[in-house]
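Okay, let's get going, I'll keep this short.

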Amino acid sequence: METEREDPERVEAFLQRIDRGERIEADDWMPADYRRQLIRLIAMHGVSEIMGALPEKEWVPKAPTLYRKLAIMAKVQDEIGHGQLLIRVAEDLLAPLGKTREDLLDDLFSGRLKFHNVFHMPAPTWADAGIIAWLVDGAAIITQGMSLSSSYAPYVRALQRIVEEEGFHIQHGESICMALAEGSPSQRKSLQEALERWWPALMMFFGPRETDQATSHQQANLRYRIRTKTNEELRQRFLTKYVPRIRSLGLVPPDPTLHFDAEKGEWVYQQPDWNWFRQIINNQGPRSQARLTLKHLTYEEGRWARAVLAQA
Amino acid sequence: MDRLTFDIYEVFAQTDPLAPHQHQFSLLASSPEMALALAQENFLRRREIYSIWVVRRDAITQSGPAERARFYRRKKGYRTTEDYRYLVEKWRRYKQQPMTPETMV
């Protein structure tokens, strides 16, 4: 593949473009490592949007009213649409390597390509659908808001469309959660339980806090300005934005140590179980296999339809 | 198994009769008709739409990276109103104190 040695001067000129804040396009020269990091990130983001539609789609047939059904259907369609946008961006990066979206999906099914840890979790009640739309999408928009300043222009153009739609998703989730919070004692209880179920996943959402040796991927992504903030900065931003709102609905995050340390200027919280995190992202989470199996099944069952469309 | 091959289409859409067709995104399709149908589903679910163009990407001739670098951030104030902003202030002054043949001397 890209085995030819890269001219150090060319790499240096590329890094200077990054430092000047220029945006890179698909047909610009780029170091193989930059391409690799982008593919890794964007493919993971793309398949996560698709896998992320699965826990919510479980609630389409069971939504409590017709209005809610229409709204959650629209959201599920949006998520799949986001997957389409991102996979298209990834595909243009994969083209010089002779790969297509089929390779990405094969990698997903074989476990080589991970999907986001938060989408391996069960969504047993309607309140879970609310918490996903409010807080999982709320966390996602914090990451995506950062990525709007990414150096890779096609990714940013996709994100601009995505972020616009996420705004609707979050309010859809706020509306569901608020209605339950204002409802009967059993509705309030289901909402509190859903928050407790999702809390560890939300604390893991942004990944582990960086140590002095941030992983080489993270360092590379910061250097290339593919990302501009660390995991911990994003998590802190999430807590600042959402903990007060969660509490204002009378909900209690299941972490007695959670508080804002005014002196340090940051949130103190109980670390989630990072070993569990690693199991989850290696497809050993509670719903990992079931969702991959479902996705694989529908992919295989749709094969004939794609073949017909390809010949249209 | 045989690989499926689709063409890449670029999608443009116009929101009202006086708006320009604006680039939306790209998609895969095997015919222009399929591209039109997918464009509507993929990119235009919310906004009101007046017209859609789909163009096979390989039919587009584009300027490319070298030209992009040349175009980038080239100031052409002399072709725009940007260089003439000082006029507002001067007009204001002349409104208060018009020039006369006497002051011209």
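Over all chains, the count comes to 32 salt bridges, where a salt bridge is a side-chain nitrogen of Lys or Arg within 4 Å of a carboxyl oxygen of Asp or Glu. Bear in mind that this is a predicted model: local features need pLDDT of at least 70, side-chain atom pairs count only at pLDDT 80 or more, and totals for chains, interfaces and linings use all residues. Residues are numbered from 1 along each chain as its sequence is written, chains are lettered from A and ligands numbered from 1 in the order in which they are written, and side-chain values use heavy atoms, with hydrogens and water left out.

So, which residue does A:Glu25 form a salt bridge with? That's A:Arg157, with the closest N and O atoms 3.0 Å apart. A:Glu25 sits in the loop between α1 (8-19) and α2 (32-57) of chain A, and A:Arg157 in helix α6 of chain A, so the pair ties together parts 132 residues apart in sequence. Helices here are DSSP runs (H or I, at least four residues), strands likewise (E, at least two), numbered from the N terminus. A:Glu25 is buried at 18% relative accessible area, while A:Arg157 is partly exposed at 38%; buried means under 20%, exposed over 50%, partly exposed in between, using a 1.4 Å probe and protein chains only.

Over in chain B, the side chains of B:Arg57 and B:Glu10 meet in a salt bridge, 2.7 Å from N to O. B:Arg57 is in the loop between β3 (51-56) and α2 (65-71) of chain B and B:Glu10 in strand β1 (residues 7-14) of chain B, so this pair ties together parts 47 residues apart in sequence. B:Arg57 is partly exposed at 28%; B:Glu10 is buried at 10%.

B:Arg57 also turns up among the contacts of A:Asp92, which touches A:Ala26, A:Arg35, B:Ile8 and B:Arg57, not counting residues up to four places away in sequence. Contact means heavy atoms within 4.5 Å. A:Asp92 is in helix α3 (residues 66-94) of chain A and is buried, at 19% relative accessibility.

Helix α6 (residues 153-181) and helix α7 (residues 185-204), both of chain A, pack at an angle of about 135°, with their axes 7 Å apart. They're therefore oblique to each other: under 35 degrees counts as roughly parallel, over 145 as roughly antiparallel, 65 to 115 as roughly perpendicular and the rest as oblique. At the contact, A:Cys177, A:Leu180 and A:Ala181 in α6(A) meet A:Gln187, A:Arg188 and A:Leu191 in α7(A).

Methods
Axes fitted to C-alpha atoms, helices over the stretch in contact; angles between N-to-C directions.
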